[in-house]
Amino acid sequence: WATKLVDRDNINDDSWYYNLHNVLNKKKITRNNINYFKLIFKLFKKFVKSLIFNLYVKIFFKKDANIKEIENCFFSFGIDLVTHKKYFIDRQYGKISFKNRKKNAYLISLNEDLFFIKKIITFKNNLKKTPCKYFFLDHYISFAEIIKIYFFTLVKFFQVFSLLNKKSYYNIVGKNCSYPLKKELVDSFFGGIQNSLINGISTGNFLKNFHCKNFISYLEFYPLARCIYYFAKINNKKTNLISINHANYSSDNLFFNIRKNEFTGKNLNMKSPRPDIFFCQGEKYSKILKKIFGRKTVHVVGSLKIELSPYAKSKNIIKPFETRNISKNKKIITVFTSLNDYKSFVKILNDQNLSNYVVLLKPHPLKISKTFDYFRKHLKHEFIIPKKIEGRDLLNFSNFIIFGDTSIGLEAAIKNKNVFRIFHRDFIPTFNRDKEIPTATNSKEFTTLIKKKKILQKSAKIEKDYFFKYDVLASKRFLNYLRKV
């Protein structure tokens, strides 16, 4: 349950998925054979990094040993902690962090990110502004446990490697898909599994030491999730494992593509670890989960993130400096990109005559530099990255908004803005192409949409499917459910 084959990440790591698609459709594949020397060197670097980073956290970040009881433990990635007003909070949980502060705590995973070494002073100063208690995951795993994880996983690799050489396990619809799937499985043993086990065992150790009623995360079934659920449950069976849906559902994102038989059966070793309770943003995803886990364990509350920056507040926004000198004869196209959809945008935009338009680019916060670099190298048109202004506030100044699967694009559709999606068939789709929002898949369709005075939207359906209710009251509904648990 900790391998790349189960993670099925075709968004952050897409090369294997392109090759799998090509194998199944009898197209040419880009074959890179397994280089074990590179993998061993990669594993050694990862091992050293794990030990050094663990030591770094224990030296520079204090451990609070006086607290032994927490009602609500919120699992957080350090990269998701942001400044909101005078506080430093996890943006994925919206306003929940401000409620019942004495009963809440963050369990923070820095995930061996070097950013927290480079920006240590800023980060430590910001931590003083957290509205609740906080703990660091690295404090709850020892050097000996990390060494044991790496040794154990290496032993398991040789056992699996022996099995893989006996026969092919990768026949899909009668086609041998050993490449790329065998390569993905092998690669899992050289860093990925170790990372999952370190996070999982750390979480289990934490819950063993603390009385915690609810362990809340936004892990869903993303990489790391199942390992954390497993060790959390075996170390504290009384703790409720609660998962909050934080991203827009699409069956084309394979980690959403779970199956009922993953979680059923008499053999406990074959059953996937899972949360006890799910909270969804909208009804579209909740319907899928209810079919798998039952109606009693799945609840719909809306989007927590939008509470921190509700679109309703952006009525008197000052026009961003970058757009003040734009000619009134030119229209503004704002492009909102996500984790891995920006290549489609460039492909279609390059086929357009945009002499009468100005392009504003607002990348995903975790992919700013990658998106900017790709646009700078490949986009034929000039573009602007507006600074010091929230993406939602840009909607007030845009004549057209284009996006793939970002929440802001969906919010714009709810508000009946001139918004449409872009997808080019050369790339992996990041949303369901079910015509819920007007979509341009080629140059001709783009031109047709951009010439319209008004692009009609299915606002009520989009709100219900993705936000349940667009009323910034998701945390209130969430806490009402939580009191009943």
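Predicted model: local features only at pLDDT ≥ 70, side-chain atom pairs only at ≥ 80, totals over all residues.

In what order do the strands of the open seven-stranded sheet lie, and is their pairing parallel or antiparallel?

Entry 1: I read the order as β5-β4-β1-β8-β9-β10-β11, and the pairing is parallel. I then looked at the edges, where β5 (133-136) and β11 (298-300) stand. Each has a single partner strand, so one side of each is left without a neighbour in the sheet. On average, neighbouring strands of this sheet are turned by 25° against each other, direction ignored.

**Entry 2: β1 and β8.** I examined one pairing within this order. Five bridges connect strand β1 (residues 69-77) with strand β8 (residues 211-217) in the parallel sense. I looked up Asn-72 and found that Asn-214 in β8 stands opposite.

**Entry 3: the sheet of six strands.** I found a further open sheet, with six strands in the order β14-β13-β12-β15-β16-β17 and parallel pairing. Its edges are held by β14 (383-384) and β17 (439-440). As each of these has a single partner strand, one side of each is left without a neighbour in the sheet.

**Entry 4: β12 and β15.** I checked how many bridges join these strands: strand β12 (residues 331-336) and strand β15 (residues 400-403) run parallel and are joined by four bridges. Thr-334 has Ile-401 in β15 opposite.

**Entry 5: a helix on the sheet.** I asked which strands helix α14 (residues 407-414) lies across. The strands are β12, β15 and β16 (419-422), and helix α14 runs at about 145° to β16.

Key. Residues numbered from 1 in each chain as written. Heavy atoms only, no water. Pairing = 2+ DSSP bridges. Helix = DSSP H or I, 4+ residues; strand = E, 2+ residues; numbered from the N terminus. Contact = heavy atoms within 4.5 Å. Axes fitted to C-alpha atoms, helices over the stretch in contact; angles between N-to-C directions.
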